[in-house]
Amino acid sequence: MAIVISAAWAVWPKSEGASERNGTVTDLAGRSVAVKLPVEKVVLGDTDSINAFAAVAGEDFLDYIVGGLGDFQGNYPDLYQAYLEAYPEMASVPSVGGLYEPNTEKIISLQPDVFILPLWTVSQQTTPDIDKLEEAGIPTVFIDFTIDPYGGNQIKSLSLLGKLLGMEERADEVIEFYDGEIKKVIDVVAALDEEKPKVYLEIGMYGASDWGASGVSMGASSIDYAGGDNIAKGALSEQGMLSKEYVLRTNPPDVIVICLSPFFGASADGDKFGFGTSTTKAQLAAMAQGYLDRDGWSGLDAVKEGRVHFYYSGLTFSIDNFAILQFMATWLYPDTFADLDPMANLEEFYELYMPIDLDGTWYYDISETD
């Protein structure tokens with residue numbers, strides 16, 4: 001599970017007629033936005049889109065970014081370090097504040113051709129004064145890799161990035177790969193005619209010592225798209241805690257999935273997954289045993305049958321989230337998806353499109369315990 005891949009790059013020409021011109025794009029909020037195309041200077045406020053942006057822009061992606069990434073190091077410390085090792089100059093990218101407190105004046109001072117924000121900031125009401133930016137000649141566009149990770153917004157966002165950068169041909173290549181990987185699950189699940197396995201998803205922010213949150217949307221949507229029955233539905237409206245009684249007796253799961261991230265750090269008993277990790281199988285087995293030793297878990301069929309799985313949550317809202325969907329499918333329907341190899345597909349994506357190495361530990365199944 002510790003993988004190192006050297007990125008293979010081809011020369012991708014910009015689109016025909018890529019000389020500076022005025023243009024209009026439609027963003028993920030459905031807004032028609034006037035933008036000088038292709039853009040040359042970008043403030044990237046959406047940390048979750050860094051991999052998508054790099055995949056579309058190519059190995060010189062950082063040449064476009066004049067500011068932003070304020071939440072990058074805090075939210076994805078391992079991924080930030082992976083980029084920093086390959087691109088030390090990333091440390092000098094000016095911050096414009098976090099997504100909950102973007103600094104409008106700082107954005108204006110950088111004079112970007114476009115300011116890119118995630119769509120969820122609209123519903124969270126954390127967007128800066130867009131009108132003020134517009135008056136300063138800075139358009140804002142919204143993209144989405146978070147709200148519905150597999151519902152089509154990923155592809156629309158990739159296409160939008162391609163148009164902004166004048167890299168439509170490369171964006172189409174990334175889209176073709178991504179869409180093909182998603183369909184390896186969605187098309188098969190659509191044809192299934194069997195009872196859906198019940199799934200309990202837990203965000204392991206506290207480690208095994210205390211139960212974490214569960215949910216029914218956003219990151220949990222991989223359960224739905226992979227053909228599972230999320231036991232949190234009917235008990236939660238968005239994200240929250242499921243009681244032990246509910247999980248152990250009222251609606252016991254067939255499959256248990258725990259997602260972990262370096263973002264949780266010490267509170268989750270240390271970093272087990274993510275870029276740069278080299279966690280041994282013995283360490284992973286010891287970590288997993290803490291969950292299996294929880295009061296009442298030994299009686300669950302998911303534990304008895306070895307259907308408890310752990311994965312790196314940092315992929316969830318990124319363009320490489322097809323791997324999470326594929327992992328989920330193999331865990332829910334191991335016979336149906338016996339030939340599906342999520343790690344091999346993730347490796348191929350990084351080899352073809354990413355400017356950093358896929359080096360780390362990404363998942364663990366208790367069935368691997370010796």
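**A helix pair and a parallel sheet**

Phe322, Ala323, Gln326, Phe327 and Thr330 of helix 13 meet Pro342, Met343, Asn345, Leu346 and Phe349 of helix 14 (contact means heavy atoms within 4.5 Å; helices, H or I of at least four residues, and strands, E of at least two, are DSSP runs numbered from the N terminus). By class, the residues of this contact divide into seven nonpolar, three polar and no charged (Ala, Val, Leu, Ile, Met, Phe, Trp, Tyr, Cys and Pro count as nonpolar, Asp, Glu, Lys and Arg as charged, and the others, Gly among them, as polar). The model is a predicted one, in which local features need pLDDT of at least 70 and side-chain atom pairs count only at pLDDT 80 or more, while totals for chains, interfaces and linings use all residues. Residues are numbered from 1 along each chain as its sequence is written, and side-chain values use heavy atoms, leaving out hydrogens and water.

Helix 13 (residues 322–332) and helix 14 (residues 342–353) pack at about 170°, their axes 9 Å apart (axes are lines fitted to C-alpha atoms, for helices over the stretch in contact, and angles run from 0 to 180 degrees between N-to-C directions). The two helices are therefore roughly antiparallel (angles over 145 degrees).

Turning to the sheet, four strands form an open arrangement in the order 4-3-5-6, with parallel pairing (two strands pair if DSSP finds at least two bridges between them). Strand 4 (65–68) and strand 6 (140–143) are the edge strands, each pairing on one side only. Strand 3 (residues 42–44) pairs with strand 5 (residues 114–118) over three bridges, and valine 42 has valine 114 as its bridge partner. Helix 1 (residues 50–57) lies across strands 3, 4 and 5, at about 150° to strand 3.

Key
Parallel < 35°, antiparallel > 145°, perpendicular 65-115°, else oblique.
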